[in-house]
Amino acid sequence: QVQLLESGGDFVQAGGSLRLSCAVSGIGSQFTIDRLGWYHQVPGKRRESVAAIISGERSIYADSVKGRFTISRNSAENTLYLQMNNLKPEDTGVYFCNVDLSSPDDGVRDYWGSGTLVTVSS
C-alpha cells in the first residue's frame, strides 16, 4: 500500500519561511517514479501544480513561486521536501504531495497525500 504523508504546514506571517515534508512508503521495486510534486489548492479553485521533479532529471515550478520555493528529495529516506521562502498571503492553502509511478506490468499509477495546511497572514 503506497502512502504519502505531508507535514510542516503552519501559520506564518508574510515574508516568513516553511519547509514541507512528504514521507513516502510502500512503493514496490517494480515501479519507476516518473514524477514527484507538490500541489496547492484553495476552496473553490482547482488544485494546481506548484513544483515537481520530473524523472529525476529536472525541476519545474509555477511562475508564482519561482525564486521563492525549492523542491528537493532525499531518496534514501523516501522523503520529498518543499522549501518555501518569502511567503505571501496568496500562498495560503492546502498543499498536497503527489507521486506518479509506472511499471511494465502495472501501468501508470497516481497517489496523493491528504494535505497540510499553510496559512500566511498579511
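Me: Are Asp 91 and Arg 68 buried or exposed?

Reply: This is a predicted model. Asp 91 is buried, and Arg 68 is buried too. Their side chains form a salt bridge, 2.8 Å from N to O. The pair links distant parts of the chain, 23 residues apart. Asp 91 sits in the loop between β8 and β9, and Arg 68 in the loop between β6 and β7.

Me: How many salt bridges does the structure hold?

Reply: There are four. Among them is the bridge between Asp 63 and Lys 66, at 3.0 Å from N to O. Asp 63 has 65% relative accessibility, over the 50% cut-off, so Asp 63 counts as exposed. Lys 66, at 52%, is exposed as well. Another bridge joins Glu 48 to Arg 46, with the closest N and O atoms 3.9 Å apart. Glu 48 is partly exposed at 37%, while Arg 46 is exposed at 67%.

Me: Which cysteines form a disulfide?

Reply: A disulfide is a covalent bond between two cysteine sulfur atoms. Here Cys 22 and Cys 97 form one, with their sulfurs 2.1 Å apart. Cys 22 lies in strand β3 and Cys 97 in strand β9, so the pair ties together parts 75 residues apart in sequence. Both cysteines are buried.

Me: Why is the disulfide called left-handed?

Reply: Look at the torsion about the S-S bond. For Cys 22 and Cys 97 that torsion is about -85°, so the disulfide is left-handed.

Me: What joins the side chains of Ser 102 and Asp 34?

Reply: A polar contact of 2.7 Å. Ser 102 is in strand β9. Its relative accessible area is 18%, so Ser 102 is buried. Residues that Ser 102 touches include Phe 31, Thr 32 and Val 108.

Conventions. Residues are numbered from 1 along each chain as its sequence is written. This is a predicted model: local features need pLDDT of at least 70, side-chain atom pairs count only at pLDDT 80 or more; totals for chains, interfaces and linings use all residues. Side-chain values use heavy atoms; hydrogens and water are left out. A disulfide is a pair of cysteine sulfur atoms within 2.5 Å. Helices (H or I, at least four residues) and strands (E, at least two) are DSSP runs, numbered from the N terminus. Buried means under 20% relative accessible area, exposed over 50%, partly exposed in between (1.4 Å probe, protein chains only). A polar contact is a pair of N or O atoms within 3.5 Å; within protein, one must be able to donate a hydrogen and the other to accept it, and residues adjacent in sequence count only if both atoms are side-chain atoms. Contact means heavy atoms within 4.5 Å. Lists of a residue's contacts leave out its neighbours within four places in sequence.
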